[in-house]
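Let's take a friendly walk through the charged side chains of this protein. Please keep the 3D view open as you read.

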Amino acid sequence: MTIDRADSSAASTGTGLAGLVVWRCSEIVVELLRLYQELLALPSLSPTAHTNALFGELVRVATYPGDSEIARQVLADAAIRRISPGLRTLCAEGEVELERAWARRIVASGEPWRDLAQFPYFANYQQLTRLEHHAVLGVAERAPRRILFVGAGPLPLTSLLLISRHGHTEIDNIDIDSEAIGLARRLTGVLGIGGLGFQRADVLDHTDLAGYDMVYVAAMVGPRRGDKSRVITHLYERMKPGALLLARSAHSLRTLLYPPLALGDLAGFRPLIVLNPHTDVVNSLVIAEKPSEANSRE
């Protein structure tokens, strides 16, 4: 796919502060188009120094600490709107390839915990998981006992950190990819972590959800809004009243990496917390509750 940079609406000129905003928007658009073209041209998204550098640049641009007007104009640009779905697909595929490569490395390592800590986004996951853990404690009467993680992938860092750092004892993990589940199971074995279960399953076919106190939905589950809405509607129909939903989302330019989740996508869940970090943490999070029958009638 070839993008004509001349059709970027952000490339217009201006003066004063407005002109500076337009200039910065144009600069970001050009950089995003370049990164998209270079990632698209790669023969594989398996991690290499060059591939990692491109994704690193993309994350840097997407987490640019600019004002909301810059983000709005960039996201409204015709060329950016055209590439956004493909960019998210590239990010999802690249993330899976990176996690798969690192899971294999850790499984084969003589010092698996050392290698796990060297994963490029380990610190980011630590921050995100800590943020989510304390956000849940802020709205729950007690810490969730049984958790289901949907979209665990080959390197289930969130579940590993919840068990090893935050005192959780029982987390089931599902993923539609059987190879990812196999790697995740082997990984937790070499790390010596108990309390984690793994199953290859499509969440839409997973109906035994009444026993869970909380369900996590990974950011890459349902790459399109319609897909994620179907997943959340299915969870709402099967989860018990009072159970929590924690769904990862994205805001601002970070929506170029992960699809956003709107409150209107929550089916019957009652939103409790929406957090949009402006730190190195890439993902937003939405915590919602399935109301009791009494509350739902109010």
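What follows is a tour of some salt bridges and their surroundings.

This is a predicted model, in which local features need pLDDT of at least 70 and side-chain atom pairs count only at pLDDT 80 or more, while totals for chains, interfaces and linings use all residues. Residues are numbered from 1 along each chain as its sequence is written, and side-chain values use heavy atoms, with hydrogens and water left out.

Side chains of opposite charge can pair when their charged atoms come close. Searching the whole structure turns up 19 salt bridges (a side-chain nitrogen of Lys or Arg within 4 Å of a carboxyl oxygen of Asp or Glu).

Start with Glu38 and Arg34, whose closest N and O atoms are 3.0 Å apart in a salt bridge. These two residues sit four apart in helix H1 (residues 16-41), about one helical turn; helices here are DSSP runs of H or I with at least four residues, strands are E runs of at least two, and both are numbered from the N terminus. Glu38 is partly exposed at 28% relative accessible area (buried is under 20%, exposed over 50%, partly exposed in between, with a 1.4 Å probe and protein chains only).

Now look at Asp177, which forms a salt bridge with Arg100, the closest N and O atoms lying 3.3 Å apart. This pair links distant parts of the chain, 77 residues apart: Asp177 lies in the loop between strand S2 (170-175) and helix H8 (178-191), and Arg100 in helix H4 (residues 78-108). Arg100 is buried, at 11%, whereas Asp177 is partly exposed, at 24%.
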